[in-house]
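Open the structure in your viewer and keep the sequence panel beside it. We will go stop by stop, selecting one thing at a time.

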Amino acid sequence: MTDSTKKDANVVAAHLREWNPKAVAGVIEFRGETTIVVPRELLLATAERCLLDSSLQFNLLTDATCVDRYPIEPRFELQYHLVSISRRQRLRLRTSVPGNHAVVDSLIPVWPGANWLEREIFDLFGVSFTGHPDLRRILLPDNWEGYPLRRDYSTEGPR
Amino acid sequence: MTTVETAAGITKTMVLNMGPQHPSTHGVLRILLELDGETVVNAMPDMGYLHTGIEKSCEAKTYSQVITLTDRIDYLSPLGNNLVYCLAVEKLLGLEIPKRAQYIRVMMVELQRISSHLVWLGTHAIDMGAMSVFLYCFREREEILKIFEMFSGQRMMTSYIRIGGVALDPPAGWRAVLEKFMKMMPGRIDDYETLLTENRIWIGRLKGIGYISGQDAVALSMTGPTLRAAGLAYDNRRLFPYSSYEEFDFDVITETASDCYARYLVRVREMRESLKIIRQAMSKITDEGPIKTEAPGIVPPQREKMKTEMEALIYHFKIFTEGFSPAAGEAFATIESPRGELGCFVASDGSPKPLRVHFRSPSFINLQALPKMIAGQLLSDVIACIGTIDIVLGEVDR
């Protein structure tokens with residue numbers, strides 16, 4: 001990793017810490033990518049900060065996805081990939097969601113493009129998003145049972 | 001029939017089901033259209049008819065086996081899918097790829113971009129009523145598919161780009177074949193432009209149709225030619241270069257009108273830029289040199305070595321039986337596919353099979369803007385809008 005990316009990562013994390021020390025639960029640097037771990041209850045506020053802060057300007061939510069760490073708890077890890085087009089920088093926000101209460105705030109108020117991405121996560125992982133205006137299955141039929149991308153959903157044999 | 005309140009007062013609207021078997025949806029897209037006469041009041045895309053669970057299948061395969069699955073996501077740009085997946089795994093492993101292999105990759109994905117844009121142009125023209133352009137585009141695409149066959153043995157599902165490099169050395173005589181193609185193609189693009197750019201029907205069907213502001217496009221996470229037609233020069237090849245794109249000289253094409261016609265102009269000009277890149281890549285690719293990186297246990301050894309060295313034979317056996325195990329972690333790689341930012345997220349838990357593979361498919365996310373684009377437009381414009389977003393349903397549904 002180059003020094004400049006390391007510096008960028010520190011700047012973003014330091015900036016968020018300055019705004020709210022609780023918003024940054026951890027910073028992970030891996031292969032030149034920066035991941036900021038955000039507590040679940042502060043996700044929406046931190047996302048808003050990432051968009052609106054003039055020295056961050058993460059205006060494009062390029063991807064949102066989920067990783068199931070079953071049987072480790074909290075099992076779900078939501079991963080949001082952000083881009084600041086003007087600053088040519090990428091950032092990943094990560095938040096953990098427990099399996100027995102898989103609910104998290106929707107990011108549609110910040111990035112309207114989160115709509116279908118969140119529907120896809122809901123469809124395939126069964127994570128719910130509070131404040132989502134249209135939380136329905138998107139790829140699977142409405143009457144499908146189970147959430148196929150969960151690790152305990154087997155690909156073969158009876159379910 | 002439902003009663004809704006519009007600006008003009010209380011009217012009756014009709015819900016019309018378009019698709020999933022509709023020729024202009026280029027696959028199996030279903031759109032529920034709410035119409036007031038011929039004007040679209042609301043649109044609700046419904047997809048998933050082609051959902052094959054590729055991301056789930058990836059979790060049951062070793063890292064190398066996943067490559068054949070990636071071909072089938074965006075079936076008009078399999079090389080791009082191969083590349084983004086390999087970039088993500090290589091990032092996870094921390095592999096360096098030899099320059100020669102990087103240039104071959106660039107050349108192949110740029111050829112792929114031209115072939116994908118040709119399919120787009122041809123099918124979109126046929127939707128708009130211009131049959132001959134379709135035939136011309138497919139004639140040229142055939143030449144590109146022949147080049148792919150020459151390089152990889154496959155016309156479409158190439159699986160040519162592999163973890164650590166590319167599958168095969170360029171075949172004998174490849175330069176002459178590409179030279180012939182490079183000589184032919186610029187004139188052919190001129191032909192399409194002669195047929196369409198000034199064509200009154202073409203302009204009438206596309207100009208001013210499907211407008212979306214640059215601000216809305218970014219808010220809805222749109223990328224690719226649709227975003228560039230709205231005036232934003234967002235191109236991964238320039239902003240976040242991969243595979244040595246920073247060494248190539250090309251322009252990022254933008255337009256400002258942000259209508260269907262602007263998207264057409266962007267794609268046609270992008271084909272010319274791709275030709276520029278291919279030309280540079282051809283001169284950068286040396287006749288001799290490695291096509292794969294040296295990474296024992298990850299990249300299969302050369303056939304010759306397997307016959308003389310015991311370690312090479314063991315590595316070969318291990319790679320194809322149990323695979324290799326990257327360190328636990330996550331990596332997200334992105335490329336500029338013909339449709340926009342194609343991303344691949346790979347998470348490893350330290351086992352030989354990926355914990356999670358996710359594809360950020362540009363078609364899926366760009367399609368999200370369709371209701372906004374077509375609200376208030378005529379029913380016939382819906383087809384122009386679907387066409388110029390350039391969706392591939394294999395990628396939308398995965």
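Helices here are DSSP runs of H or I with at least four residues, and they are numbered from the N terminus. Keep in mind that this is a predicted model.

**Stop 1: a residue in chain B**

Select B:Ile67. This residue sits in helix α2 of chain B, which covers residues 66–70. Is B:Ile67 buried or exposed? Count the C-beta atoms around it. There are 22 others within 10 Å. The cut-off for a buried residue is 20 or more, so B:Ile67 is buried.

Skip the neighbours within four places in sequence. That leaves B:Asn82, B:Tyr85, B:Ser159 and B:Arg162 in contact with B:Ile67. Take B:Tyr85 from this set. B:Ile67 and B:Tyr85 are 18 residues apart along the sequence. In space, their C-alpha atoms are 7.3 Å apart.

**Stop 2: a helix across two strands**

Select residues 78–93 of chain B. This is helix α3 of chain B, and it lies across β7 and β8 of that chain. Which way does the helix run relative to β7(B)? The angle between them is about 150°.

Next, show the sheet itself. It is an open sheet of 3 strands in chain B, in the order β7-β8-β9. The pairing is antiparallel. Which strands stand at the edges? They are β7 (329–337) and β9 (356–360) of chain B. Each has a single partner strand, so one side of each has no neighbour in the sheet. From one strand to the next, the twist averages 15°.

Zoom in on β7(B) and β8(B), residues 340–348 in the latter case. Their antiparallel pairing runs over 9 bridges. Pick out B:Ser337 and look for its bridge partner in β8(B): that partner is B:Gly340.

**Stop 3: chain A as a whole**

Hide chain B for now. Chain A has 3 helices and 7 strands. Trace them from the N terminus, and the order is α-β-β-α-β-β-β-β-α-β. The radius of gyration of chain A is 16 Å. The globule rule gives 15 Å for 159 residues, which is close, so chain A is as compact as a globular protein of that length.

Along its principal axes, the C-alpha trace of chain A spans about 50 × 30 × 25 Å. Of its 159 residues, 39% count as buried. Now consider contacts in chain A with a separation of 6 or more. Residues 24 or more positions apart account for 48% of them.

**Stop 4: one face of a helix**

Select residues 43–52 of chain A, which form helix α2. Which residues of this helix are buried? Colour A:Leu43, A:Thr46, A:Ala47, A:Cys50 and A:Leu51. Look down the axis of α2(A). The buried residues fall within an arc of 140°, so they line one face of the helix. An α-helix has 3.6 residues a turn, so residues three or four places apart point the same way.

**Stop 5**

First, some background. Most residues other than glycine have a negative phi, and most peptide bonds are trans.

Select A:Gln57, in the loop between α2 and β3 of chain A. Its phi is positive, about 50°, although it is not a glycine. A:Gln57 is partly exposed, with 17 other C-beta atoms within 10 Å.

A cis peptide bond joins A:Tyr70 to A:Pro71, with omega about 5°. Another cis bond joins A:Glu73 to A:Pro74, with omega about -5°.

Show chain B again and select B:Ser244. It lies in the loop between α10 (236–239) and α11 (260–284) of chain B. B:Ser244 has 16 C-beta neighbours inside 10 Å and counts as partly exposed.

**Stop 5: where the chains meet**

Keep both chains in view. How many residues of chain A are in contact with chain B? There are 26, and they touch 33 residues of chain B. On the chain A side, the elements that give two or more residues are β3 (60–68), β4 (76–84) and α3 (114–125). The largest share, 6 residues, comes from β3(A). Finally, colour that side of chain A by residue type. You will find 13 nonpolar, 8 polar and 5 charged residues.

Methods
Residues numbered from 1 in each chain as written. Chains lettered and ligands numbered in written order. Predicted model: local features only at pLDDT ≥ 70, side-chain atom pairs only at ≥ 80, totals over all residues. Buried ≥ 20, exposed ≤ 12 C-beta atoms within 10 Å, placed from the backbone. Arc of directions from axis to C-beta. Contact = placed C-beta atoms within 7 Å. Nonpolar A, V, L, I, M, F, W, Y, C, P; charged D, E, K, R; others polar. Pairing = 2+ DSSP bridges. Axes fitted to C-alpha atoms, helices over the stretch in contact; angles between N-to-C directions. Rg over C-alpha atoms; globule rule 2.2 N^0.38 Å.
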